[in-house]
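Reader: I have the sequence and the coordinates open. Take me through the packing and the backbone, please.

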There are 2 protein chains.
Amino acid sequence: MTLTDTTSTPQPGTKVLTEKSINKHVKAVEYAVRGRIAIRAEALREELAAGEKKPFQTVVNCNIGNPQQLHQKPITFFRQVASLCEYPDLLQDQNQAAVSQIYPQDAIDRAKELLKQVGSIGAYSHSQGIPSIRRTVANFLQQRDATEQPGNPNDIYLTQGASDGVKTILTVLTESSQTGIMIPIPQYPLYSATLSFIDATPVPYYLDEEQGWSLDIAQLTATIQKARQEDHVDVRALVIINPGNPTGQCLSQQTLTDLLTFCYDQRLVLLADEVYQTNIYKSDRPFVSFRKALLEHPSADVRNHVELVSFHSISKGMIGECGRRGGYFECINIQQSVRDQIYKMASVSLCPNVHGQILVDLMCNPPKEGDLSYPAYQAEVSGIFESLRRRAQKLEAVFNAMEGVSCQSAQGAMYLFPTITLPAKAIQHAQQLGISPDDFYCEQLLEATGVCVVPGSGFGQVKGTYHLRTTFLPEEHLFDEFCGNVQRFHTSFLQQYKD
Amino acid sequence: MTLTDTTSTPQPGTKVLTEKSINKHVKAVEYAVRGRIAIRAEALREELAAGEKKPFQTVVNCNIGNPQQLHQKPITFFRQVASLCEYPDLLQDQNQAAVSQIYPQDAIDRAKELLKQVGSIGAYSHSQGIPSIRRTVANFLQQRDATEQPGNPNDIYLTQGASDGVKTILTVLTESSQTGIMIPIPQYPLYSATLSFIDATPVPYYLDEEQGWSLDIAQLTATIQKARQEDHVDVRALVIINPGNPTGQCLSQQTLTDLLTFCYDQRLVLLADEVYQTNIYKSDRPFVSFRKALLEHPSADVRNHVELVSFHSISKGMIGECGRRGGYFECINIQQSVRDQIYKMASVSLCPNVHGQILVDLMCNPPKEGDLSYPAYQAEVSGIFESLRRRAQKLEAVFNAMEGVSCQSAQGAMYLFPTITLPAKAIQHAQQLGISPDDFYCEQLLEATGVCVVPGSGFGQVKGTYHLRTTFLPEEHLFDEFCGNVQRFHTSFLQQYKD
């Protein structure tokens with residue numbers, strides 16, 4: 001835009017909105033999880049549906065942690081309660097006989113209790129989230145962390161998925177384009193996309209692949225010093241994704257404690273993305289929350305001062321209710337005037353959808369031992385969990401058996417992020433096409449097998465290394481076939497581009 | 001932020017996030033619909049619940065169009081389908097006997113059909129919205145507008161309520177802080193709030209209260225010329241809220257045609273907020289969409305060039321499913337490269353919640369004549385509609401009978417926006433308190449009666465005039481009491497502050 005544009009006579013019949021004229025921060029956003037390859041996968045699915053012949057029968061979306069798309073069955077009790085909340089007439093006495101044939105009594109009781117608190121699920125709620133559900137979350141936090149200190153409902157903000165909360169918080173804490181946010185590399189690209197959009201500065205720190213994608217405080221310190229002193233970036237926050245996405249590592253309480261000390265020393269807000277907190281596959285590395293590590297930190301200074309925002313979601317874990325868009329964040333040590341601003345921004349969107357809020361309530365207060373629905377609930381959750389663990393191990397072994405591929409174990413989350421040594425000819429070929437070599441590999445995998453994964457370049461990786469991120473969510477009875485397809489493709493790819 | 005801040009030694013133990021340090025565009029946002037008075041109403045509700053004595057028994061939220069909060073019953077068929085989609089086991093053959101006792105067959109059939117298209121409602125969907133639901137919307141548009149041209153599913157973007165869509169579009173079309181968007185005064189403050197946040201320039205045009213809040217093209221022309229030539233604003237878009245919020249006027253097709261010609265001549269994108277399209281209370285002023293007016297415009301230049309984005313929602317009409325957060329926008333004449341950017345932004349949020357999407361499907365394809373559920377559906381919709389019309393007329397008459405109050409008829413929407421001549425003493429008193437006089441009036445109304453409305457200053461008004469916005473949503477059996485409370489308060493307020 002130049003000043004002369006605005007004063008000149010408009011030229012009717014030309015587009016106002018062009019790629020050139022629109023918001024440059026929008027244009028700068030990149031989001032590979034649903035980027036070029038995922039869009040191509042959608043097109044392939046439509047071509048198959050239209051009867052076109054492909055080397056495969058179905059497209060398998062491993063680009064995104066979307067369990068129910070791959071037929072993971074939703075938790076029955078949760079859906080029973082949600083179904084009753086949708087149709088409150090069922091809770092009237094005259095329907096009791098028919099209803100009790102198809103809904104268990106504890107689901108009926110729970111729906112009644114929820115509706116008593118919520119009113120109608122079709123009404124806008126409190127912008128911060130329904131007060132009784134925030135109380136449920138606060139109780140859950142205290143129990144999960146086995147802390148003396150109870151959770152505080154006023155610290156909880158319900159959101160439309162964790163992404164919504166992350167965007168809100170990154171937005172609020174960005175003062176100018178010099179505001180810096182430390183993000184891991186590799187990272188979940190929500191972070192880089194949001195920072196591009198709000199025009200803040202990402203300050204990347206690298207995870208050490210050889211050491212199981214571990215964090216190193218000395219490296220963090222060097223990174224922040226360089227950013228502050230050489231690049232004059234106003235570094236304000238440290239993002240930790242734990243368990244890691246795309247990397248799957250799960251941090252020990254000692255590491256969390258050290259990171260909190262680092263945040264205190266460096267005056268950083270800690271943003272803890274903990275959406276995979278129940279996707280934990282190694283018994284020697286349990287999940288510990290930053291909330292617990294903060295409340296139990298040996299230093300009172302750290303406990304009383306470090307500003308912590310932690311995020312959780314109903315989309316992951318064994319629940320996988322991605323389509324509802326529900327989640328929450330908890331603010332600790334955040335000033336009231338800042339919270340007021342967060343509330344105001346939430347109020348402009350009126351409220352998080354109530355269906356997502358209800359699932360947060362159920363996630364945080366599921367059936368308990370002794371409840372009618374507990375055995376079925378427990379069986380469903382552990383069935384999904386054990387199956388996820390088996391699939392993670394199987395796929396990890398498959399990758400590690402492939403020539404030139406090396407894959408760290410998933411301690412947690414829903415992904416593997418193997419490194420792939422690509423032949424020089426393939427790299428050259430990709431460069432001729434003007435795309436990154438891992439992009440080329442993933443595209444060829446999709447076209448050959450229908451398997452859609454995300455190139456490592458979408459998450460960030462050490463220069464000269466190539467990765468891909470895949471979920472391990474294909475159904476267990478199809479899993480061997482899925483692994484076989486990936487293996488066969490890799491062999492033939494290496495064959496085609498061998499030096 | 002100054003450069004020296006970033007290089008100085010951090011001072012552990014001081015807050016990173018303070019009112020001073022956070023995003024100034026966040027701080028600039030104002031949103032009165034859930035602002036100071038609405039927050040006070042929440043506090044009063046809690047005080048009542050805790051047993052405190054007040055001059056009233058309940059808080060009545062007339063600050064926001066939230067019908068189900070005030071016990072408007074949801075449309076039964078919609079909720080039956082949604083309830084079945086939540087719990088697909090009910091659709092299995094073995095449950096048929098019990099299920100058919102409590103759900104009508106057409107709801108069962110519809111839920112099966114939806115789930116066939118959607119898969120699980122717990123899965124992330126296509127980021128633009130579920131393809132089959134976008135087809136439903138496209139068919140609906142053609143039928144609603146009785147146009148030859150069919151709607152195009154690729155033009156439809158499903159959203160989490162209309163607000164979400166408005167924010168996306170305003171964001172995409174803003175290039176710099178010199179980008180100008182014409183908004184009505186008074187306006188729904190989503191527009192001013194979003195423009196503050198994205199740091200674009202509002203270019204206000206005034207509606208003529210005396211002429212039923214009408215629009216005047218000559219005034220629009222003068223406004224845009226001044227903005228472009230004197231203020232060097234790059235004016236890009238014109239927002240029209242039709243039917244009006246807070247003002248309730250409904251525009252004729254001729255006016256829409258003239259506005260489209262104006263947009264062509266002035267090279268403006270037209271943003272049409274049409275969320276109240278079925279809240280139409282005068283038979284001589286039916287709703288006509290901008291889509292219809294564009295497709296039927298006499299000038300081919302206008303038809304082929306004017307960039308139109310129109311917004312709709314499941315939150316209003318007779319549906320009132322605010323809590324689900326569902327809606328859509330349609331893009332006409334918008335360039336593909338710009339649509340790609342809109343899609344990308346949607347993909348970072350993964351997808352609009354699927355529960356909202358399903359209700360969009362039902363809104364756009366409700367039971368038809370001959371369907372089992374049609375008579376009940378029809379009775380519910382017309383019952384709500386007739387009741388809304390009666391309440392609008394009653395409250396309008398009440399306002400017009402009050403001393404110093406004048407209220408235009410609501411042709412549409414859910415609100416009245418009367419002008420109130422406040423006594424000089426009240427104005428003085430408000431000024432001493434440092435708040436606007438209409439804010440003071442509304443606060444006093446709340447404290448005396450529990451009725452929560454929004455001061456006109458939250459929407460914009462001609463300087464020196466004072467208004468309030470109230471819904472007419474209190475339940476009909478309580479409506480006389482509600483009107484009486486407002487009347488009595490007004491009389492005593494005038495008494496207290498008479499000159």
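Predicted model: local features only at pLDDT ≥ 70, side-chain atom pairs only at ≥ 80, totals over all residues.

Reader: What phi does Asp199(B) have?

Author: Most residues other than glycine have a negative phi. Asp199(B) is not a glycine, yet its phi is positive. The value is about 60°.

Reader: Which peptide bond of chain B is cis, with omega near 0°?

Author: Look at the loop between strand 3 (179-185) and helix 9 (190-198) of chain B, where Pro186(B) lies. Most peptide bonds are trans. Here the cis bond, with omega near 0°, runs from Ile185(B) to Pro186(B).

Reader: And in chain A, what is omega for the cis peptide bond that joins Asn245(A) and Pro246(A)?

Author: Pro246(A) is in a loop too, between strand 5 (234-241) and helix 11 (253-266) of chain A. For the cis bond joining Asn245(A) and Pro246(A), omega is about 15°.

Reader: Now helices. How are helix 6 and helix 15 of chain B oriented to each other?

Author: Helix 6 covers residues 105-118 of chain B, and helix 15 covers residues 354-364 of chain B. Their axes come within 12 Å and cross at roughly 125°. Helix 6 of chain B passes helix 15 of chain B in a right-handed crossing. With angles of 65 to 115 degrees counted as roughly perpendicular and those over 145 as roughly antiparallel, helix 6 of chain B and helix 15 of chain B are therefore oblique.

Reader: Which residues of helix 15 of chain B make the contact with helix 6 of chain B?

Author: Helix 6 of chain B brings Arg110(B), Leu114(B) and Val118(B). The residues of this contact of helix 6 with helix 15 of chain B divide into five nonpolar, no polar and two charged. From helix 15 of chain B come Val354(B), Ile358(B), Asp361(B) and Leu362(B).

Reader: At what angle do helix 4 and helix 15 of chain A pack?

Author: Helix 4 is residues 76-86 of chain A, and helix 15 is residues 354-364 of chain A. Their axes are 10 Å apart. The crossing of helix 4 of chain A past helix 15 of chain A is right-handed. The packing angle is about 140°.

Reader: How many nonpolar residues does the contact of helix 4 of chain A with helix 15 of chain A have?

Author: Helix 4 of chain A supplies Phe77(A), Phe78(A), Val81(A), Cys85(A) and Glu86(A). Helix 15 of chain A supplies His355(A), Ile358(A), Leu359(A), Leu362(A) and Met363(A). One residue of this contact between helix 4 and helix 15 of chain A is polar, one is charged, and the nonpolar count is eight.

Reader: What area is buried between domain 1 and domain 3 of chain A?

Author: Domain 1 of chain A spans 26-71 + 379-497, and domain 3 spans 124-364. Their centres are separated by 27 Å. In the contact, 35 residues of domain 1 of chain A meet 37 residues of domain 3 of chain A. Carbon and sulfur atoms give 59% of the buried area between domain 1 and domain 3 of chain A, which is about 2900 Å².

Reader: Which residues of chain B lose the most area to chain A?

Author: The contact takes 111 residues from chain B and 111 residues from chain A. About 9800 Å² is buried between chain B and chain A, 58% of it given by carbon and sulfur atoms. Three residues together make up 8% of what the chain B side buries: Leu17(B), Tyr124(B) and Arg267(B).

Conventions
Residues numbered from 1 in each chain as written. Chains lettered and ligands numbered in written order. Heavy atoms only, no water. Axes fitted to C-alpha atoms, helices over the stretch in contact; angles between N-to-C directions. Helix = DSSP H or I, 4+ residues; strand = E, 2+ residues; numbered from the N terminus. Parallel < 35°, antiparallel > 145°, perpendicular 65-115°, else oblique. Left-handed = near helix turned anticlockwise from the far one by under 90°. Contact = heavy atoms within 4.5 Å. Nonpolar A, V, L, I, M, F, W, Y, C, P; charged D, E, K, R; others polar. Domains from an automatic or database assignment. Buried area = accessible area lost by both parts, 1.4 Å probe.
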